Amino acid sequence: MNTIFRKSMLSVAGLAFAGGVFAGPIAAHANPATDAKPVAAVQTAVSKPQGDQSHISLNGEQTANAKAIIAATKKAGLPERAAVISIATSLQESKLENLGHLGDMNDHDSLGLFQQRPSSGWGTPEQITNPEYSTTAFLKGLKQVDGWQDMPLTQAAQTVQVSAYPDAYAQWEQQATDLVTQHWNS
């Protein structure tokens, strides 16, 4: 590979990593939205699911976690689209399971519904494993993404999460949309 090209790619990767390291603490201390307006439809032309879609059957705990994400989104005054992005992110990161430390299978010190890291400033392990807190922290990060409402779900989620698999969020958009449609008004 061309040395200049390789160095450029490493620089971009470094910036992406730095953005993720700093997004945690910044996101955790941002001010909540105060005047967000609800939208009429969960999906827009931009938010039509991209690519092949995955679907899992949810147990009671996973459904309760999806409802907790929706409740935290409403409490933050954000629209349904924010809940769709949040649930799709959680489906990718934890399959909507509030994960504690997984021993040797753990990705660093990642915990909770969104696999947030205490060492990156997302909060304490107790906070991160609280569905309302972790959702609120994710939403604070999302609100810092300019134009998140109009960008593809996977791009919005990736900008907050800085995952090694940036396109993986897209596969959960339809199931997340269905969950928000089913539980938003319940």
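Is Ile 85 buried or exposed? I started my notebook with that. Ile 85 has 0% relative accessibility, so I wrote it down as buried. A reminder to myself: this is a predicted model.

**Entry 1: around Ile 85**

I found Ile 85 in helix H3, which covers residues 80–94. Next I looked up its contacts, skipping the neighbours within four places in sequence. My list reads Phe 138, Leu 142, Trp 148, Leu 153, Ala 156 and Ala 157. I also checked Trp 148 along the chain: it is 63 residues away from Ile 85, yet their C-alpha atoms are separated by 9.5 Å.

**Entry 2: the core**

Which residues have the most contacts inside the largest nonpolar core? I noted Ile 85, Ile 87, Leu 142 and Trp 148, in a core of 36 residues. Helices H2, H3, H5, H6 (153–161) and H7 (173–183) each supply at least two residues of this core. H3 gives the most, with seven residues.

I then followed Leu 142. Leaving out the neighbours within four places in sequence, Leu 142 is in contact with Ala 82, Ile 85, Trp 148, Ala 156 and Val 160.

**Entry 3: rings**

How many aromatic pairs does a search of the whole structure find? I got one. The rings belong to Phe 114 and Phe 138; their centres are 4.9 Å apart and their planes are at 10°, so I count the pair as stacked. Phe 114 lies in the loop between H3 and helix H4 (125–128), while Phe 138 is in helix H5 (residues 131–143).

I made a note of another ring, that of Trp 184. The charged end of Lys 74 sits over it, 5.2 Å from the ring centre.

**Entry 4: Gln 62**

My last stop was Gln 62, in helix H2 (residues 60–75). Its relative accessible area is 6%, which is under 20%, so Gln 62 counts as buried. What does the side chain of Gln 62 reach? I traced it to the backbone oxygen of Lys 95, at 2.7 Å. Lys 95 is also one of its contacts beyond four places in sequence, along with Ile 56, Ser 57, Leu 96 and Glu 97.

Conventions. Residues numbered from 1 in each chain as written. Predicted model: local features only at pLDDT ≥ 70, side-chain atom pairs only at ≥ 80, totals over all residues. Heavy atoms only, no water. Helix = DSSP H or I, 4+ residues; strand = E, 2+ residues; numbered from the N terminus. Buried < 20%, exposed > 50% of the residue type's maximum accessible area, 1.4 Å probe, protein only. Contact = heavy atoms within 4.5 Å. Phe/Tyr/Trp six-rings, centres within 6.5 Å; stacked < 30°, edge-to-face > 60°. Lys NZ or Arg CZ within 6 Å of the ring centre and 35° of its normal. Polar contact = N/O pair within 3.5 Å; in protein donor to acceptor, adjacent residues only side chain to side chain. Core = buried A, V, L, I, M, F, W, Y, C linked by side-chain atoms within 4.5 Å.
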